[in-house]
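Me: Please take a close look at one part of this model for me. I would like the ligand site, and then the helix packing.

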Amino acid sequence: MLQLLKTSDGSHTIRHVELNETYHSIHGAVQESKHVFIQNGLHFYIEKHKPSCLKILEVGFGTGLNAFLTMIDEKSHGISIMYDAVEAFPLPGEMAMELNYPDFVETSNAASIFSALHKAAWNETSSMSTDFTLRKMHNSVQATMLEKSTYDIVYFDAFAPKTQPDMWSASVLSNVIWAIKTGGVLVTYCASGQFKRDLKSLQVEIEVLHGPPGKKEMVRASRIPK
Ligand SMILES: C[S@@+](CC[C@H](N)C(=O)[O-])C[C@H]1O[C@@H](n2cnc3c(N)ncnc32)[C@H](O)[C@@H]1O
């Protein structure tokens with residue numbers, strides 16, 4: 001069963017009752033997404049590489065919050081984005097429409113953008129605007145064939161390792177890292193010891209950064225050449 005909850009910054013999240021897990025930090029869903037994925041992923045990459053186009057992979061599309069904030073944010077950078085997201089258990093459409101994320105951005109058509117992201121067909125590439133395409137893949141990350149050196153940024157937003165250890169297994173991580181271009185980054189809210197040890201055996205440089213409110217640390221891993 002899924003329940004809608006309000007987090008400390010007023011933005012919604014979803015609680016997965018059987019797993020006893022929330023989709024975001026209860027200290028603020030929008031705050032967390034902006035800190036981990038937008039600032040330390042998207043902005044970091046844009047400032048460093050000054051790209052004109054970007055390819056992003058999200059593991060766990062869920063509420064669509066990260067895709068939504070990325071699409072809104074992209075407008076101020078003038079770059080084009082191809083956004084792929086893997087999701088094994090899509091949210092029921094009615095529940096997605098109850099989420100209050102459009103209230104947290106200053107864009108006049110925010111509600112229609114958010115709705116369009118959810119209504120986009122699964123397993124097809126959909127054009128959301130002139131410079132943002134979305135491909136939502138209805139599949140588990142374990143069964144998704146990712147192509148080598150494809151993505152500039154990966155938003156790794158799975159449930160916590162204690163709840164879903166298989167999502168953080170060495171085989172999933174190495175598959176995801178192999179899909180990142182040299183110089184590309186993976187960002188995640190997780191900074192567990194085992195996760196960092198597993199990353200060390202892959203071709204990445206690890207940075208442990210300040211986490212969002214309520215969380216001490218987060219991780220950014222940059223793909224380095226062989
Ligand atoms: C922590 S939630 C985050 C979701 C999303 N990024 C958001 O902001 O709402 C984790 C997501 O991973 C999805 N998930 C669970 N198992 C999965 C799997 N094996 N492969 C892909 N996605 C999975 C869940 O359904 C959920 O949507």
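Reply: Start with Glu87. A polar atom of the Glu87 side chain sits 2.6 Å from an oxygen atom of the ligand. Keep in mind that this is a predicted model. Val141 takes part through its backbone. A backbone N or O atom of Val141 is 2.9 Å from a nitrogen atom of the ligand. Now widen the view. There are 20 residues around the ligand. The nearest of them are His24, Gly60, Thr63, Glu87 and Asp157.

Next, the helices. Helix H2 covers residues 65-74. H2 packs on H1 and also on H4, as follows.

Take H1 with H2. Helix H1 spans residues 29-49. The axes of H1 and H2 come within 10 Å and cross at roughly 55°. The crossing is right-handed. H1 brings Ala29, Val30, Ser33, Lys34, Phe37, Ile38, Leu42 and His43 to the contact. H2 answers with Leu65, Asn66, Leu69, Thr70 and Asp73. By residue class, this contact of H1 with H2 holds seven nonpolar, four polar and two charged residues.

Now H2 with H4. Helix H4 runs over residues 110-119. The axes of H2 and H4 are 10 Å apart, and the packing angle is about 130°. That angle makes H2 oblique to H4. H2 passes H4 in a right-handed crossing. On the H2 side, the contact uses Ala67, Phe68, Met71 and Ile72. On the H4 side, it uses Ala110, Ile113, Phe114 and Leu117. The makeup is eight nonpolar residues, with no polar and no charged ones.

Leu65, Asn66, Leu69, Thr70 and Asp73 of H2 touch H1, whereas Ala67, Phe68, Met71 and Ile72 of H2 touch H4. The H1 contact includes four polar and two charged residues. The H4 contact has none of either kind.

Notes. Residues are numbered from 1 along each chain as its sequence is written. This is a predicted model: local features need pLDDT of at least 70, side-chain atom pairs count only at pLDDT 80 or more; totals for chains, interfaces and linings use all residues. Side-chain values use heavy atoms; hydrogens and water are left out. Axes are lines fitted to C-alpha atoms, for helices over the stretch in contact, and angles run from 0 to 180 degrees between N-to-C directions. Helices (H or I, at least four residues) and strands (E, at least two) are DSSP runs, numbered from the N terminus. Angles under 35 degrees count as roughly parallel, over 145 as roughly antiparallel, 65 to 115 as roughly perpendicular and the rest as oblique. A crossing is left-handed if the near helix is turned anticlockwise from the far one by less than a right angle, and right-handed if clockwise. Contact means heavy atoms within 4.5 Å. Ala, Val, Leu, Ile, Met, Phe, Trp, Tyr, Cys and Pro count as nonpolar, Asp, Glu, Lys and Arg as charged, and the others, Gly among them, as polar. A residue is near a molecule or strand if one of its heavy atoms lies within 4 Å of it. A polar contact is a pair of N or O atoms within 3.5 Å; within protein, one must be able to donate a hydrogen and the other to accept it, and residues adjacent in sequence count only if both atoms are side-chain atoms.
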